[in-house]
Amino acid sequence: MKAIRVSEYGGPSVLKLEEVPPPQPGPNQVLVRNHAVGINPVDTYLRSNTDNRGPKLPYTPGSDAAGVVESVGPGVTAVKAGDRVYVGGTVSGAYAELCLCDQGQTHPLSANASFAQGAAMNVPYATAYHALFHRARAEAGETVLVHGASGGVGIGAVQLARAGGLTVIGTAGTERGRRMVLEQGAHHVLDHGAPGYLDECVRLTGGQGPAIIMEMLANANLQKDLGAIAMRGRIVVIGNRGTAEINARLAMNKNAAILGMALNHASPAQLAGIHAALVEGLRNGTLHPVIAQELPLAQAARSHEAVMEAGHHGKVVLVP
């Protein structure tokens with residue numbers, strides 16, 4: 001089968017299309033024929049070995065995909081050959097024609113959802129759900145500010161927050177992105193490149209500030225978030241690309257919480273709950289990922305450039 005392999009850490013050019021033997025499912029494992037593969041910013045950090053977190057070389061990147069079950073190993077009862085599934089984590093890597101998964105890493109993909117949409121579910125939507133409902137403990141009636149709401153996690157956060165009964169304020173840096181955020185259900189949208197946009201956010205909440213801020217670039221925004229957050233508000237740090245200097249007294253004065261999150265720290269019970277919600281959201285149409293680009297598997301390097309471009313919106317997927 002064809003797969004992308006990384007034999008050295010570095011830039012996008014280290015992503016090489018190669019012919020490799022197809023994996024075979026063992027006990028409690030599932031082999032999925034991928035129809036779409038989701039690209040996430042974390043894939044680029046692992047490829048370049050940022051923070052020395054790169055996988056052991058050589059490896060096939062990726063954790064997100066969607067396709068059809070090819071075969072199953074002994075002990076598998078949740079799925080069978082021919083089932084449509086989306087994948088949340090793999091044993092063998094997702095950037096390939098076939099990927100090997102543990103039984104619990106496969107989730108039903110309803111017929112009304114495309115394979116590209118299924119490939120957009122795991123990291124973006126599961127991250128948004130974990131941040132919003134597990135870390136921030138969002139409740140219906142609260143207001144949430146979603147920074148970078150036109151990206152994959154941002155769109156997921158907007159749709160999940162609307163489904164959960166929250167008032168949603170989203171931000172985006174381009175006119176196209178702001179239109180998209182409104183189309184996906186935000187009540188208000190702001191230009192995060194405009195001076196004083198957080199003052200406008202506070203005004204939209206009657207002077208109180210949002211109860212929750214979903215922060216995608218903490219090194220640039222955290223200090224400003226502390227000025228805008230409501231009393232007893234919660235700021236969830238989802239993304240960060242450098243150090244941040246803050247005046248901690250702002251957090252003290254508002255009894256505010258700054259919460260870190262990483263999806264890989266979710267408990268097994270939390271992950272089961274997350275995917276139960278995502279499967280149903282796709283089935284009933286509450287969740288509908290926006291696909292920005294579909295590229296051939298051979299263009300994996302281009303997909304890593306696209307997912308990190310300024311103004312990027314929606315989801316980038318590879319098609320094996």
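Accessible areas here come from the Shrake-Rupley method with a 1.4 Å probe. With that in hand, welcome to a predicted model whose accessible surface comes to about 13600 Å². Carbon and sulfur atoms hold 51% of that surface.

**Overall shape**
- The radius of gyration is 20 Å, which agrees with the value near 20 Å that a compact globule of 320 residues would have.
- Along the principal axes, the C-alpha atoms fill a box of roughly 60 × 40 × 35 Å.

**Packing and contacts**
- Of the 320 residues in the protein, 53% are buried.
- Counting contacts with a separation of 6 or more, 65% are made by residues 24 or more positions apart.

**Charge**
- The protein carries 25 positive and 24 negative side chains.
- The centres of these two sets of charges lie 3 Å apart.

**A closer look at Thr143**
- Thr143 sits in strand 8, which covers residues 143–146.
- Is Thr143 buried or exposed? Its relative accessibility is 16%, and buried means under 20%, so Thr143 counts as buried.

Methods
Residues numbered from 1 in each chain as written. Predicted model: local features only at pLDDT ≥ 70, side-chain atom pairs only at ≥ 80, totals over all residues. Heavy atoms only, no water. Rg over C-alpha atoms; globule rule 2.2 N^0.38 Å. Buried < 20%, exposed > 50% of the residue type's maximum accessible area, 1.4 Å probe, protein only. Contact = heavy atoms within 4.5 Å. Lys, Arg positive; Asp, Glu negative; His and termini not counted. Charge placed at Lys NZ, Arg CZ, Asp CG, Glu CD. Helix = DSSP H or I, 4+ residues; strand = E, 2+ residues; numbered from the N terminus.
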